[in-house]
Amino acid sequence: MKNDLLYTDSWTPEIIAEAQKLQGPVLIVGVAGFIGARLYYTLRKYRPDIYGCSRNPQNTWRLINGNADFLLNCDIIDCDSVRSVINRIRPMTVINMAAYGAYSRQVDSEKIHQTNYIGTLHLLRALTDTGCAAFIQSGSSSEYGLNCVAPLETDEPLPNSDYAASKLAASNLIKYYGKVLNFPCVNLRLYSIYGPWEEKDRLIPTLISSGLRGKYPNFVDKSVSRDFVYVDDCNAAIVRAALTVCKTHPGISVNIASGVKTTLEDVAFTAKKVFKIDEDPTFGAMTNRRWDLSNWYGDPALAKKIMGWETKISFEEGLRQNVEWEKAAEESLHYVAVPEKEKKISVILACYRDNLAIPVMHQRLTEMFIKTGYDYEIIFVNDGSPANDEQVINGLCMMDAHVIGISHSRNFGSQSAFVSGMDIASGDAVVLMDGDGQDPPEIIPQFIAKWEEGYDIIYGKRVKREAKWYMQFFYKLFYRIFRKLSDIEVPVDAGDFSLIDKKVVTHLLKFSEKDIFLRGLRAWVGFKQTGVDYVRPERLFGTSTNNFLKNIGWAKKGIFSFSMKPLQYIQGLGIIMFFTTIIMGIGYLINYFLSPPGENARGIMTVIMLLLGIGSILIISVSIIGDYVGKITEEVKNRPKFIRDKLILSGKIYEGEQDIETAIRKQKNKQ
């Protein structure tokens with residue numbers, strides 16, 4: 001782990017000593033969140049037995065330097081997943097930071113209750129079986145809901161959202177386990193925690209981003225208030241609770257608050273002082289959210305009384321520390337994109353001699369996804385390239401946690417490369433692209449828009465391509481012949497460039513055929529499909545690896561994979577020739593008797609031409625049949641579609657079939 005400003009903390013020697021007294025191993029559930037990530041990095045500086053788990057920790061931007069060996073996949077909604085992690089680590093101190101619904105974009109009410117309540121239940125049940133010294137539940141001040149004016153822990157909560165209700169239900173579960181079952185657990189009702197690693201669209205990071213430019217962000221009403229607690233103070237409270245109230249007051253709920261009511265007007269005044277902003281703030285530029293309240297602050301008296309804890313860092317000092325962190329993060333986390341939307345897109349690029357184009361495509365894709373706000377991963381598949389594609393991909397993987405690299409043992413073709421990528425993709429949809437830049441990333445937002453409308457497959461339709469006129473002619477001719485011959489409806493001028501929903505990908509991966517033609521299979525599976533027009537440019541660098549003969553091979557692959565019409569045409573031609581022969585034979589006999597030939601009969605050239613013509617037809621027919629037989633032979637051999645030589649996942653290189661398969665299984669568990 002890098003020892004720089006990103007990972008420094010403000011803990012006192014007293015808190016550090018307390019952290020070292022925690023019974024280990026220590027497991028942080030929901031480590032991908034900003035409080036959990038901060039606690040994980042801080043604790044790992046002082047002791048080695050700190051583990052973190054979440055649904056997808058290795059590919060989380062916050063944990064890019066988090067040591068993948070101590071980060072585990074766990075979906076707390078899944079009871080078996082929880083038990084697997086608990087049984088593996090046997091943690092003695094567990095800190096549950098997992099939560100869903102705290103952000104305005106998290107609106108799935110069923111998932112809110114499943115994560116915040118059922119997930120907590122799964123953890124408690126698993127730990128009851130294995131034993132536990134301390135369980136810290138990250139509650140929320142939202143549990144008080146409308147009763148939000150410095151409430152005591154004994155005051156009646158009035159939850160005003162699904163999130164508040166689910167968190168309150170979890171606190172009651174903690175009360176039952178602690179007070180009735182004597183389980184060492186406590187619920188900490190966290191107020192407005194802020195600090196390093198927080199999402200960029202939250203109030204304080206937005207305030208800092210604007211402040212560094214000498215401006216204010218947009219504010220809601222100036223009377224809206226918060227009780228701000230710096231994240232290091234919050235995490236110190238978690239450590240203190242594990243050593244104290246978990247044992248002395250099991251099942252209790254405790255406010256983790258400063259007790260200071262800070263309005264947005266106060267926030268703006270502090271920002272003016274810290275950033276030396278000349279202008280005055282404008283309030284009311286944003287609409288108040290349904291949970292924004294004018295008197296939302298806590299009473300920390302109980303925390304001080306039974307835990308000996310109180311905040312040490314003022315809002316101004318915390319803001320200054322956060323500013324320094326954000327400055328360091330700007331350089332270190334250059335490729336970080338905090339998704340605004342929950343859906344994830346997996347982009348798969350088949351690469352062969354694309355070493356120069358790969359960095360350009362990575363940059364364009366990154367910029368595109370940052371603008372769209374979707375979570376994403378970029379899977380570069382080096383399909384046995386003789387150039388240094390692998391080295392370029394490796395460098396990107398080490399620099400950007402969004403990048404996954406696959407290297408094949410040899411060149412298996414782009415279709416196999418796409419399948420190899422789809423097999424490991426964890427997104428809600430995949431985008432298939434060539435790595436040479438001929439499929440422009442800037443078209444992907446149009447694909448996504450159609451996907452959000454309800455389409456399952458969106459393909460790029462080449463209205464024009466930057467190529468020589470005769471190549472354009474032959475490409476267009478192929479697609480129209482292919483469509484005419486196919487047994488299914490195939491869109492014309494549509495290559496591999498497409499967005500495919502996860503449910504369709506699942507079906508495509510079930511197909512056992514080896515010699516695949518994805519654009520045909522994409523049409524064959526059905527579902528709701530549409531096209532997006534675009535102009536296909538030339539390669540970014542170099543010349544195409546396809547030539548005329550390879551394009552003929554592509555045409556044959558498509559036709560023989562999705563049409564029996566060539567065989568039907570051969571049969572039809574044979575029938576026509578049979579009846580033509582009978583008619584000609586009858587005509588010859590009639591002519592023979594009516595007008596017998598002389599001694600020097602003519603027509604030898606006709607016979608030769610007939611023999612050559614029939615022979616040519618037979619050879620062509622046999623060759624067509626041979627292509628079908630060849631495809632059957634290829635399928636009967638049952639060889640794999642591809643062989644992976646290396647996999648680079650979360651910055652770690654996996655080699656050897658067993659290690660690669662283990663890594664892929666972990667990746668699939670995220671889906």
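1. **Cavities.** The model has 2 cavities of 30 Å³ or more. A cavity here is a set of points, on a 1 Å grid over the protein atoms alone, where a 1.4 Å probe fits but cannot get out. Grid points are joined across faces, edges and corners, and a volume is the space filled by probe spheres set on the points. The second largest cavity holds about 30 Å³ of space.

2. **Basis.** This is a predicted model: local features need pLDDT of at least 70, side-chain atom pairs count only at pLDDT 80 or more, and totals for chains, interfaces and linings use all residues. Residues are numbered from 1 along each chain as its sequence is written, and side-chain values use heavy atoms, with hydrogens and water left out.

3. **Lining of the second largest cavity.** Which residues line the second largest cavity? They are Leu432, Asp496, Ser498, Ile500, Leu508, Leu518, Arg519 and Arg522. Lining residues have an atom within 4 Å of a point. Two elements, β17 (494-501) and α18 (518-524), each give two or more residues to this lining. Helices (H or I, at least four residues) and strands (E, at least two) are DSSP runs, numbered from the N terminus. The lining divides into 4 nonpolar, 1 polar and 3 charged residues. Ala, Val, Leu, Ile, Met, Phe, Trp, Tyr, Cys and Pro count as nonpolar, Asp, Glu, Lys and Arg as charged, and the others, Gly among them, as polar.

4. **Aromatic pairs.** The structure holds 19 aromatic pairs. Rings of Phe, Tyr and Trp (its six-membered ring) pair if their centres lie within 6.5 Å; planes under 30 degrees apart count as stacked, over 60 as edge-to-face and the rest as tilted. Why is the pair of tyrosine 7 and tryptophan 197 tilted? Their ring centres are 5.9 Å apart and their planes stand at 40°, so the pair counts as tilted. Tyrosine 7 lies in the segment before α1 (13-19), and tryptophan 197 in the loop between β7 (192-194) and α6 (203-211), 190 residues apart. Tyr7, Tyr40, Tyr41, Trp197 and Trp325 form one aromatic cluster.

5. **Burial.** Buried means under 20% relative accessible area (1.4 Å probe, protein chains only). Tyrosine 7 is buried at 3%, and tryptophan 197 is buried at 0%.

6. **Cysteines.** The structure holds 0 disulfides (pairs of cysteine sulfur atoms within 2.5 Å). Cysteine 351 is buried at 1% relative accessibility. Cysteine 397 is buried too, at 3%.

Note on methods:
Buried means under 20% relative accessible area, exposed over 50%, partly exposed in between (1.4 Å probe, protein chains only). On a 1 Å grid over the protein atoms alone, a cavity is a set of points where a 1.4 Å probe fits but cannot get out, and a pocket is an open set with protein on both sides within 12 Å along at least five of seven lines; lining residues have an atom within 4 Å of a point.
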